[in-house]
Structures are given as C-alpha cells and as structure tokens.
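Thank you for coming. Please take a moment with the sequence and the structure, and then I will walk you through them.

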Amino acid sequence: MADSMLRILGRPNSFNVRKILWLCDEIDIAYTREDWGRGFKPTTTPEFLGLNPVAQIPVALDGDLVLRESNAIMRYLCLKHGAERIYPSAPEKRVRVEQWMDWVAYDLTHAMRGAFLGGQLQEAPWNNPWFVDQGRRDFTHCIGLLEQELADGRRFICGEDFTLADIPMGLVVNRWFAVKGFDKPDFPAVSAYFERLSERPAFLRHGRNGLP
Ligand SMILES: N[C@@H](CCC(=O)N[C@@H](CS)C(=O)NCC(=O)O)C(=O)O
C-alpha cells in the first residue's frame, strides 16, 4: 500500500540519498522518492525544516517515524528488515562494518568536499584553492589505503561477503573514478573492486550510473 510505503526525500544524484536507494534495492524494500535538495525543492523551507532541522537530505519517512542521517537510516532499515546477511549482529563482525562506514563518513567525506565539491563543482566555500589541494591529497591517500587493504584479494571490504559497508565505499570508489582535475594513480585492486561491485544491479542503478 502506497500510504505505508517508505518515503525517501532527496534528489537521486546526492551521495547520501544514493546510499538509501541502493540499500532499498539491495534488500528489496519498496519505497517512493521525492525530489528535494539542490536544484529541486529547497531544504530550507519551514515544511522541510520541520522534518530535518539541519536542512539536509536524505530524510526517510516510515509511517510516523521521521528519520535523518543516511548511515542511521541504513542501519535502521537493516534492523527493521532483518538484513543480518549484510549487517551481521555478532559484535566482532558488526564492528568491521561500522569501522568502514565511519571512515567514509569522517575521512572520505571531508576529502571529497575539497576534491569534488570544491575542485570539480567549484562550490563555495569548498573551492578555496588550499582546501581543494588538501582534499585531492587526502582523497588520493585514502584510496591508496583502500588499495593496500584490498590487495590481499578479498572480494568486498569486510571479506568474502558483501556488507552494508560496501554501499558507502562503492559510492566513494565511483566518485574516485569520476573526479577530474588532478593526476590519479592507478590502483588495480580498487579497480577490481569497482568491477566486482558492478555485477550488482543496484550499484549500476544508483552508484555507477554515470553520475559522479
Ligand atoms: N551527514 C548527513 C549529510 C547529508 C548531506 O550532506 N546531504 C547533502 C546532499 S549529499 C545535502 O543535503 N545537500 C544540500 C542540498 O542538496 O540542498 C547524512 O549522511 O545524511
């Protein structure tokens, strides 16, 4: 029933909205989506601020529940839909998933602000030349670390099985290959990981879909 279906508010070209869309497709959650954010309905209207006081997408509406913060929304959806396969409950397994998600949320988000938002999209205030250079260096450094990790031949970031952590990481890798304006080293294990993720229809729909 459309009324009880999960509603996702956010433009489909947003890094953080794409996480939710990919997860929903990956574990078969039905949803509707509405265009909010840059280039669409602004997130600064009283209507939107009533849902998310920090004026960011995505917002997810699940019945009466109003949810924000993409990683929190993903965890909630995994728990609600019993997605043990990709979000294991054993503490020693879950912490591996969480650590990679946190690394993307902190280190990589910061690096991509300079390299992508500043350097490629020329968005203020991220387009300060110092910040752009630092972001490009940090992005390259982080992807180099990812290369070292994946060089042991594992299929996905936490091992042989696809987990929730591969969603933000896959979007990062997609952006790495799309970002322009500086010399990027060749990282063969990262390239192989990108191709492996591309075997997943949900990644092709929401990650490697021509958008950076
Ligand atoms: N920590 C937040 C960050 C959300 C965020 O930065 N959203 C961006 C899009 S990726 C946004 O709202 N941009 C403003 C806009 O599109 O109007 C999350 O993970 O959900």
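**From the overall fold to one cysteine**

Reading along the sequence, we find that the protein chain follows the pattern β-α-β-α-β-β-α-α-α-α-α-α, where helices (H or I, at least four residues) and strands (E, at least two) are DSSP runs, numbered from the N terminus. In total the protein chain has eight helices and four strands. Before going further, please keep in mind that this is a predicted model, in which local features need pLDDT of at least 70 and side-chain atom pairs count only at pLDDT 80 or more, while totals for chains, interfaces and linings use all residues. Residues are numbered from 1 along each chain as its sequence is written.

The radius of gyration of the protein chain is 17 Å, close to the 17 Å that the globule rule gives for 212 residues, so the chain is as compact as a globular protein of that length; the radius is taken over C-alpha atoms, and the rule is 2.2 Å times the number of residues to the power 0.38. Taken along the principal axes, the box that the C-alpha atoms fill is roughly 50 × 40 × 30 Å. Of the 212 residues, 35% count as buried, and here a residue is buried if 20 or more other C-beta atoms, placed from the backbone, lie within 10 Å of its own, exposed if 12 or fewer, and partly exposed in between.

Let us turn to the domains. The chain is divided into domain 1 (2-80) and domain 2 (91-204), with bounds that come from an automatic or database domain assignment. The centres of the two domains, taken over C-alpha atoms, are separated by 22 Å. How many residues of each domain are in contact with the other? Ten residues of domain 1 are in contact with eight residues of domain 2, where contact requires that the C-beta atoms of two residues, placed from the backbone, lie within 7 Å. On the side of domain 1 that touches domain 2, the elements giving two or more residues are α1 (15-26) and α3 (70-80), and α1 gives the most, with seven residues. The residues on this side of domain 1 divide into five nonpolar, one polar and four charged, counting Ala, Val, Leu, Ile, Met, Phe, Trp, Tyr, Cys and Pro as nonpolar, Asp, Glu, Lys and Arg as charged, and the others, Gly among them, as polar.

The axes of α1 and α3 come within 9 Å and cross at roughly 10 degrees, and that makes α1 roughly parallel to α3. Axes here are lines fitted to C-alpha atoms, for helices over the stretch in contact, and angles run from 0 to 180 degrees between N-to-C directions; angles under 35 degrees count as roughly parallel, over 145 as roughly antiparallel, 65 to 115 as roughly perpendicular and the rest as oblique. From α1, the residues N16, K19, I20 and L23 meet S70, I73, M74 and L77 of α3.

Is C24 buried or exposed? C24 is buried, because 21 other C-beta atoms lie within 10 Å. Not counting residues up to four places away in sequence, C24 touches I29 and Y31. The C-alpha atoms of C24 and S70, which are 46 residues apart along the chain, are separated by 12 Å.
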